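What follows is a walk through one protein structure, from its overall layout to a few single residues. Please look at the sequence and the model before reading on.

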Amino acid sequence: MKKTYKIEVDCANCANKMEEAARSTPGVQGATVNFMTQKLIVEFAEGQEPKAVMAAVLSACKRVEPDCQIFL
């Protein structure tokens with residue numbers, strides 16, 4: 001299952017860091033951050049609960065970019 005989330009990130013480098021953090025989160029099969037549109041597309045692994053996985057994604061992204069925002 002894929003879902004798209006609105007994000008707020010200040011620079012393209014920070015967006016790349018967020019993308020890597022999201023991809024490495026357990027339960028995430030794939031993730032893409034589009035800096036220009038300020039969107040995060042997450043593909044969840046089979047059988048994963050998106051709400052729980054996104055809490056972990058947000059935590060991982062905050063570790064690499066404390067100012068980032070993901071609107072769940």
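Predicted model: local features only at pLDDT ≥ 70, side-chain atom pairs only at ≥ 80, totals over all residues.

Two strands are said to pair if DSSP finds at least two bridges between them. Helices and strands are themselves DSSP runs, numbered from the N terminus.

The four strands make an open sheet in the order β2-β3-β1-β4, with antiparallel pairing. At its edges lie β2 and β4, the latter covering residues 69-71, and each of these edge strands pairs on one side only. On average, neighbouring strands of this sheet are turned by 30° against each other, direction ignored.

Strand β3 also pairs with strand β1. Five bridges link β1, which spans residues 2-8, to β3 in the antiparallel sense. Within this pairing, K2 stands opposite E43 of β3. Helix α1, made of residues 12-23, packs on the sheet and touches β1, β2 and β4. The direction of α1 makes about 170° with that of β2. Helix α2, residues 50-64, packs on the sheet as well, and touches β1, β2, β3 and β4. For α2, the angle of its direction with that of β3 is about 130°.

In a regular strand, the side chains alternate between the two faces of the sheet.

T25 is found in the loop between α1 and β2. Is T25 buried or exposed? T25 counts as buried, because its relative accessibility is 5% and the limit for buried is under 20%. Leaving aside residues up to four places away in sequence, T25 touches V53, A56, V57 and A60.

The cysteines come next. How many disulfides does a search of the whole structure find? The search finds zero. For C61, the closest cysteine sulfur is in C68, at 5.2 Å from its own sulfur, which is too far for a bond, because a disulfide needs the two sulfur atoms within 2.5 Å. C61 counts as buried, with 0% relative accessibility. C14 is buried too, at a relative accessible area of 11%.

The last step is to view the protein as a whole. A compact globule of 72 residues would have a radius of gyration near 11 Å, and the protein agrees with this, since it has 11 Å. Taken along the principal axes, the C-alpha atoms fill a box of roughly 35 × 20 × 20 Å. Of the 72 residues, 39% count as buried. The accessible surface comes to about 4400 Å², and carbon and sulfur atoms account for 50% of that surface. Among contacts between residues at least 6 apart in sequence, 59% join residues at least 24 apart.

Conventions
Residues numbered from 1 in each chain as written. Heavy atoms only, no water. Helix = DSSP H or I, 4+ residues; strand = E, 2+ residues; numbered from the N terminus. Axes fitted to C-alpha atoms, helices over the stretch in contact; angles between N-to-C directions. Contact = heavy atoms within 4.5 Å. Buried < 20%, exposed > 50% of the residue type's maximum accessible area, 1.4 Å probe, protein only. Rg over C-alpha atoms; globule rule 2.2 N^0.38 Å. Areas by Shrake-Rupley, 256 points an atom, 1.4 Å probe, with all protein chains shown as cover.
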